[in-house]
Amino acid sequence: MTSQDPALPASGARLPQERRLVTEIPGPRSRELQERRTAAVPPGVGSVLPVYVTDADGGVVVDADGNSLIDFGSGIAVTSVGNANPRVAARVKAQADRFTHTCFMVAPYESYVAVCENLNRITPGDHEKRSFLVNSGAEAVENAVKIARYATGRDAVVVFDHGYHGRTLLTMTLTSKNMPYKQGFGPYAPEVYRAPLAYPFRWPTGPENCGPEAAAQAVDQIEKRIGASNVAAVVIEPIQGEGGFIVPAPGFLPALAEFCRANGILFVADEVQTGFARTGDMFACEHEGIVPDIVATAKGIAGGLPLAGVTGRADIMDKVHVGGLGGTYGGNPLACEAALAVLEEIEDGKLTERARRIGETMLPRLHALAERVPAIGDVRGRGAMLAVELVRPGTKDPDPELTARVARRCHERGLLVLTAGTYGNVLRFLPPLVISDDLLADGLAVLDAAFTD
């Protein structure tokens, strides 16, 4: 990709960037594949939309029946630079021809080091940093907590209402939402405590009071229920993902960060979904000038290949003994090459600016929709990470049934959207940062029509 006006989409798409329906959704071939899946895969592995993908590029995914759907999901914020991005694909193919694995802990290679150098460079703060690579966002968060406990000699970890951090034992414990993530999977890990989040739409005294009041409540609970001197880390998403794209009220994150600094608590930013230009900054922490002690990254880092990173202050990261960090597949050479290509795409294509332009396009349309649709209680987000929360008109009572119907209508019309939220009443939008303006506009028209229906 060459440098270009961020108002414009990436050029040179391999597939037509258009919505095209040739069968019902899902079509007959996808239904056949769904029958095979039912016989082979446990039902606990769910899918948002049972269409079986055969191709994808830019802002579209093509299914086994030849339908071309607009992608407002990006594989949950993963394919930000577009699916099968040519630069990413070329570097992965070239690496596959050389070698596919040695295990960095056995025989290292340069691309792993280069990815870590880049993470140290682009994450918030100009202090000396260290990074290492793992496979998934959950693994990155779990390692961040492990390092924080080791470095501080403390056990307690504080997380927040509505947060989501993963599906492993520890990250499932950190996660707030019970169903489907925690139900029946206990007992959970010890020494994890939950504090209130600054959720402007649902704050009892109104959004204007939310930031300082929520911060004061969180600090009070930490001091009285846990004891600040016992807390190793505060772990928080700068914008919550699965929790419903909740943007904490202004001042909440800075107040938490200051409290952590004053009490020797490590501030861990879970930037798994918000990182790599998604919110209009390279990392969402930058919006309020937060400099975390440790940052967990994944999703958008490698264009669809499994890779995640943990980046932290050098004095923290260097405390852990040799052999205490790592994993067989962490920093696989194919994924490292993909990550290097993704970072080049983001910087060469000015995709942080493009994410802001996507937000500037979508937010007015979503606000206009909210004025016409009483069920839309809130419109929120930053950059290309946006959402609407649906309620029963005249109340703030969640309406997950309507949310599911609208999502289903979007799917039937060829727009892939995702739901989210503790109450299952949020539609979230994560278009690829390279989506064309025309395709973005068509997707918004489909969304509008789904609500009209």
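This is a predicted model: local features need pLDDT of at least 70, side-chain atom pairs count only at pLDDT 80 or more; totals for chains, interfaces and linings use all residues.
Hello everyone, let's start with a pair of strands: E14 and strand E15, which covers residues 426-429, run antiparallel and are joined by three bridges. Two strands count as paired if DSSP finds at least two bridges between them. The strands and helices I name are DSSP runs, numbered from the N terminus, with strands (E) of at least two residues and helices (H or I) of at least four.

Residues are numbered from 1 along each chain as its sequence is written, and side-chain values use heavy atoms, with hydrogens and water left out.

Now, what is the order of the strands in the open sheet? It goes E11-E12-E15-E14, four strands with antiparallel pairing. Strand E11 (376-382) and strand E14 (418-420) each have a single partner strand, so they stand at the edges and one side of each is left without a neighbour in the sheet. On average, neighbouring strands here are turned by 25° against each other, direction ignored.

On to salt bridges, meaning a side-chain nitrogen of Lys or Arg within 4 Å of a carboxyl oxygen of Asp or Glu. The whole structure has 29 of them. In one, Arg87 and Glu345 bring their closest N and O atoms to 3.2 Å. This pair links distant parts of the chain, 258 residues apart: Arg87 sits in helix H3 (residues 86-98) and Glu345 in helix H10 (residues 333-348).

Is Glu345 buried or exposed? Buried means under 20% relative accessible area, exposed over 50%, and partly exposed in between, using a 1.4 Å probe and protein chains only. Glu345 has 1%, so it is buried, whereas Arg87, at 23%, counts as partly exposed. Both belong to a network of salt bridges that also links Arg91, Arg98, Glu337, Glu344 and Asp348.

Finally, Arg380 and Asp378 meet in a salt bridge at 2.8 Å, N to O, and both residues are buried.

Methods
Axes are lines fitted to C-alpha atoms, for helices over the stretch in contact, and angles run from 0 to 180 degrees between N-to-C directions.
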